[in-house]
Amino acid sequence: MVIAPNLTLWGVGTSRTVRPHWALAELGLKYETYAIGPRTGETKTAEYTKLNPRQKIPLLQDGDFSIGESAAIVAYLSRTYGSPDKALIPDDKQAYAKWLEWCFFIVTELDSTSLYVMRRHSANALGPIYGVAPDVVAKAGEYFREQLRHVEVALDDGRTFLMGEQFTSADILLTTCLEWAIAYGVGICDNAHPYLARIQQRPGYKRGNAANVPPAPGEPVKRPA
């Protein structure tokens, strides 16, 4: 196991916070967790705001260095602590470019433009905060299904992962979106079902999800490495 004693991850309980927990597990990294959640007031404390003025989770600290945004965190972790047998980013220049394309596509078209719009404006999610808008939610779901055709076509050749036979952080991003879509009743394409089943059997996936569980009442927020 690669030991990185100065790693601290802030945030649990969401589809975005699970991404760095999962990446840390895949890379075999030891780290400390502050199990704070969104919209609990914990991201608005003076201590956390000093670390992250955006008051968002997740946030990774690596010694004196801090970085937010889940996709950026998992990319940083792999670039910094990856090894030939544990790498979440392709080495080949063209494969790297395709990996970037997948990551940008997933976090923009599937996550923020589609699924988060649904979460933001659903009556049983964040709608009471940002405004309930059933038509917007319905259109966002339609847009998600349209954009998921890109995934359906890619997986049609029987590849194991998005980048072929190499598991990358793009698979982490996509998996969280697929699970999110299922939970919201949007549905996913046929080719994504066996893909998702394979991913969910990974030990790193299971460890990452276990680490992402919010603390029980009375449980300390700080979890030791």
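**Salt bridges and backbone details**

Modeller: Glu-101 and Lys-98 sit three residues apart in helix H4 (residues 93-121), so about one helical turn separates them. This is a predicted model.

Colleague: How far apart are the closest N and O atoms of Glu-101 and Lys-98?

Modeller: They are 2.6 Å apart, and the two residues form a salt bridge.

Colleague: Which residue forms a salt bridge with Glu-142?

Modeller: Lys-139 does, with the closest N and O atoms 3.6 Å apart. The cut-off is 4 Å, so a pair at that distance counts. Glu-142 and Lys-139 are three residues apart in helix H6 (residues 134-147), which means a separation of about one helical turn.

Colleague: Where do those two stand on accessibility?

Modeller: Lys-139 is exposed at 57% relative accessibility. Glu-142 is partly exposed, with a relative accessible area of 35%.

Colleague: What does Glu-26 pair with?

Modeller: Glu-26 forms a salt bridge with Arg-202, and the closest N and O atoms are 2.9 Å apart. This pair links distant parts of the chain, the two residues being 176 residues apart. Glu-26 is in helix H1 (residues 18-26), while Arg-202 is in the loop between helix H9 (192-199) and helix H10 (203-211).

Colleague: Buried or exposed, for Glu-26?

Modeller: Glu-26 is buried, with a relative accessible area of 13%.

Colleague: Backbone next. Where is the cis peptide bond?

Modeller: The cis bond joins Ile-57 and Pro-58, with omega at about 5°. Pro-58 is placed in the loop between helix H2 (46-51) and strand S3 (59-62).

Colleague: What is phi of Arg-39?

Modeller: Phi of Arg-39 is near 55°, which is positive in a residue other than glycine. Arg-39 lies in the loop between strand S2 (32-34) and H2. At 42% relative accessibility, Arg-39 is partly exposed.

Colleague: And phi of Glu-69, what is that near?

Modeller: Near 70°, again a positive value in a residue other than glycine. Glu-69 is in the loop between strand S4 (65-68) and helix H3 (70-81). Its relative accessible area is 48%, so Glu-69 counts as partly exposed.

Colleague: Last topic, Thr-8. Which strand is it in, and is it buried or exposed?

Modeller: Thr-8 is in strand S1 (residues 7-10). Thr-8 is buried, with a relative accessible area of 11%.

Colleague: What does Thr-8 touch?

Modeller: Leaving out residues up to four places away in sequence, Thr-8 touches Glu-32, Tyr-34, Leu-59, Leu-60 and Gln-61.

Technical notes:
Residues numbered from 1 in each chain as written. Predicted model: local features only at pLDDT ≥ 70, side-chain atom pairs only at ≥ 80, totals over all residues. Heavy atoms only, no water. Salt bridge = Lys/Arg side-chain N within 4 Å of Asp/Glu carboxyl O. Helix = DSSP H or I, 4+ residues; strand = E, 2+ residues; numbered from the N terminus. Buried < 20%, exposed > 50% of the residue type's maximum accessible area, 1.4 Å probe, protein only. Contact = heavy atoms within 4.5 Å.
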